[in-house]
Amino acid sequence: MKKALAFITISILSAAPAGAQVNVNAIVDLELLTHTEVSQKLKDGWTSILLVTGGTEERGPQDVLGGHTMMAHSHAVMIAKKLGKTLVAPVLPVAVNATGLNANREMADQPGAIQMPPEVFKQVQLAEIESLARGGFKDIYVMGDHGGGQQQMKEAAEEMDKKLSAKGVRVYYISDFYNKTHDDVDMYLYDHKLPIGGHGAMLETSIMLYLEPTPGAWVRPSYKTMEFDATGQTPEQWKAARDARIARAAAVAAGTAQPAEAGRGGGGGRGRGQDPNAPPRVNNGVTGDPRPSTKAIGKDLIDIIVNNGVNEIKKVTAERRAATHP
């Protein structure tokens, strides 16, 4: 009997695979590759890389603190795979003006946030870009999922592009990943008669519902019944403010208005409006109604973000190459 059991055990072990073969060609995360694998990818033309910033901050009692970082990473991987031969640098989980620490924000008493001063954040961006350039990357695309730090990302990208272009390295700030995306998402919500909100509302909750590995891992079930901070704007008021902002921007482009008049303005539906009759603020880190959030909506919003990133990357790369090689 003992001999029979021993034979069965040996047979089972012999049939088991010695180890799963890693498909290096399918990996786009820089941190999941060895240095020799990265060297080979560079030789094979993988000289483009996305440098993306996330963030750690509260976003209500329902969404986890690391949402910015998780969303930024997922979106970057999708963009990289759509572009082809593009890697994703480790996502920085700290940004500027994290909600919960910024005294100018209405949720300044919420714990869990981590942030950097703007000048420190910019230095980190510069150091990351420099490191990637030294490592052999030729096209470096800088973008972020968090509003705070966008200006510093832009400045760092422009400064490093000037510094490194003579060495054949180009650095780009991808604004549409964040700025155009928020306007497009608000328009999607308006068109689908969904509540337009800001922090921790429809955008983040829906996307995290779609991306989370298991139900409740990133979005707690309380999102369906929780209290929230009303924006104080009707969809019609938001649309009117958006149309006015676009008209002002067009006037600036035409030279019939001063640039100072072309700010985002009108609240953009992202946060509280100025309606004095709005209900009292619920200070729980959410500005807007997250309750109608679904995975299906999250998938639609992810498509907007990824397509905006891919389209702008292709556009600015083509423009810069055309200018370099007319």
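How are α7 and α9 oriented to each other: roughly parallel, roughly antiparallel, roughly perpendicular or oblique? The notes below start there.

1. This is a predicted model, in which local features need pLDDT of at least 70, side-chain atom pairs count only at pLDDT 80 or more, and totals for chains, interfaces and linings use all residues. Residues are numbered from 1 along each chain as its sequence is written, and side-chain values use heavy atoms, with hydrogens and water left out.

2. Helix α7 spans residues 202-211, and helix α9 spans residues 295-324. Helices here are DSSP runs of H or I with at least four residues, strands are runs of E with at least two, and both are numbered from the N terminus. The two axes come within 7 Å and cross at roughly 105°. Axes are lines fitted to C-alpha atoms, for helices over the stretch in contact, and angles run from 0 to 180 degrees between N-to-C directions. Angles under 35 degrees count as roughly parallel, over 145 as roughly antiparallel, 65 to 115 as roughly perpendicular and the rest as oblique. α7 and α9 are therefore roughly perpendicular.

3. The α7 side of this contact (heavy atoms within 4.5 Å) includes Met 202, Ser 206 and Tyr 210. The α9 side includes Lys 295, Gly 298 and Ile 305.

4. The count of salt bridges is 16. A salt bridge needs a side-chain nitrogen of Lys or Arg within 4 Å of a carboxyl oxygen of Asp or Glu. Arg 59 pairs with Glu 204 in this way, with the closest N and O atoms 3.3 Å apart. Arg 59 sits in the loop between β1 and α3, and Glu 204 in α7, so the pair ties together parts 145 residues apart in sequence.

5. Is Arg 59 buried or exposed? Arg 59 has 0% relative accessibility, so Arg 59 counts as buried. Glu 204, at 8%, is buried too. Buried means under 20% relative accessible area, exposed over 50%, and partly exposed in between (1.4 Å probe, protein chains only).

6. Asp 184 and Lys 180 form a salt bridge at 2.7 Å, N to O. Both lie in helix α6, four residues apart, about one turn of the helix. Lys 180 is partly exposed at 36%.

7. Four strands form an open sheet, ordered β2-β1-β3-β4, with parallel pairing. Strands pair if DSSP finds at least two bridges between them. β2 and β4 stand at the edges with a single partner strand each, so one side of each lacks a neighbour in the sheet. β1 and β3 pair over six bridges.
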